[in-house]
Amino acid sequence: MSANDHDIKIMNGLIETTIDSAEGYGEAAKDAENTRFAAAFQQRAAERRQVAQRLQQQVSSLGGKPEDDGTILASAHRVFVSLRKSISSGDTAIVDEVERGEDHIKAKYEDALKDNELTAGTRSLVNELFISVKSGHDQMRDLKHALHNKA
């Protein structure tokens, strides 16, 4: 067991969640009726892919094998099933599902940042990438609130 194993494990978990997020945004972009929402979702999907790549590079640099796929957890699957079912309900329902996914990824990054076993270098990278994650979360939260207040 190498000294980097804990960091690699935490980052691989973040990679899976981040890939899930990118795929979720990609699905939302395809299904959005409003082109402005579709463009925002596409932008966030691209951003999340870049975040995942940064994590993958760090895992490789620590001597680990980076994850290259999302999770197979039932909960993540349910989010995408819910997204599919909500499509008939329009953009508000899609934004609701995206925002729920944002709550999940934000919590995962916050948990990683609370992990006292992470090395300083990994914590620094996770903290840097969390800025993008939190920005996406806040954007979707604000969009959700705007859509619900308009209705």
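## Helix lengths and geometry

Helices (H or I, at least four residues) and strands (E, at least two) are DSSP runs, numbered from the N terminus. The expected span of a helix is 1.5 Å times one less than its number of residues. Helix α5 (residues 120-150), with 31 residues, reaches 44 Å from its first C-alpha to its last, close to the expected 45 Å. A kink of about 25° in α5 is centred on phenylalanine 130, where the bend is the angle between axes fitted to the seven residues ending at a residue and the seven starting there.

Helix α2 has 27 residues and reaches 39 Å from its first C-alpha to its last, close to the 39 Å expected. At its N-terminal end, α2 is capped by asparagine 34, a side-chain oxygen of which lies 2.7 Å from the backbone nitrogen of arginine 36. Just after α2, glycine 63 takes a positive phi of about 90°.

## Basis of the model

This is a predicted model, in which local features need pLDDT of at least 70 and side-chain atom pairs count only at pLDDT 80 or more, whereas totals for chains, interfaces and linings use all residues. Residues are numbered from 1 along each chain as its sequence is written, and side-chain values use heavy atoms, with hydrogens and water left out.

## Overall architecture

The chain holds 5 helices and 0 strands, and its pattern along the sequence is α-α-α-α-α. Of its 151 residues, 46% count as buried, meaning under 20% relative accessible area, with exposed over 50% and partly exposed in between (1.4 Å probe, protein chains only). Contact means heavy atoms within 4.5 Å. Among contacts between residues at least 6 apart in sequence, 78% join residues at least 24 apart.

## Nonpolar cores

In soluble globular proteins, nonpolar side chains tend to be buried together. A nonpolar core is here a set of buried Ala, Val, Leu, Ile, Met, Phe, Trp, Tyr and Cys residues joined through side-chain atoms within 4.5 Å. The largest such core has 21 residues, of which Met11, Leu14, Leu55, Tyr109, Val126 and Leu129 touch the most other members. At least two residues of this core come from each of α1, α2, α4 (91-114) and α5, and α1 supplies the largest share, 6 residues.

Leucine 14 is in contact with Leu55, Lys108, Tyr109, Ala112 and Val126, leaving aside its neighbours within four places in sequence.

## The aromatic pair

The structure holds 1 aromatic pair. The ring centres of tyrosine 25 and phenylalanine 41 are 6.1 Å apart and the planes stand at 40°, so the pair is tilted. Rings of Phe, Tyr and Trp (its six-membered ring) pair if their centres lie within 6.5 Å; planes under 30 degrees apart count as stacked, over 60 as edge-to-face and the rest as tilted.

The pair links distant parts of the chain, 16 residues apart: tyrosine 25 belongs to helix α1 (residues 5-31) and phenylalanine 41 to helix α2 (residues 35-61). Both tyrosine 25 and phenylalanine 41 are buried.

## Two buried helix positions

Alanine 52, in helix α2, is buried, with a relative accessible area of 4%. Not counting residues up to four places away in sequence, alanine 52 touches Ile15, Thr18 and Ile19. Alanine 52 and isoleucine 19 lie 33 residues apart in sequence and 6.5 Å apart in space, C-alpha to C-alpha.

Serine 21, in helix α1, is likewise buried, with a relative accessible area of 11%. Serine 21 touches Arg48, Glu102 and Ile105, not counting residues up to four places away in sequence.

Terms used. A polar contact is a pair of N or O atoms within 3.5 Å; within protein, one must be able to donate a hydrogen and the other to accept it, and residues adjacent in sequence count only if both atoms are side-chain atoms.
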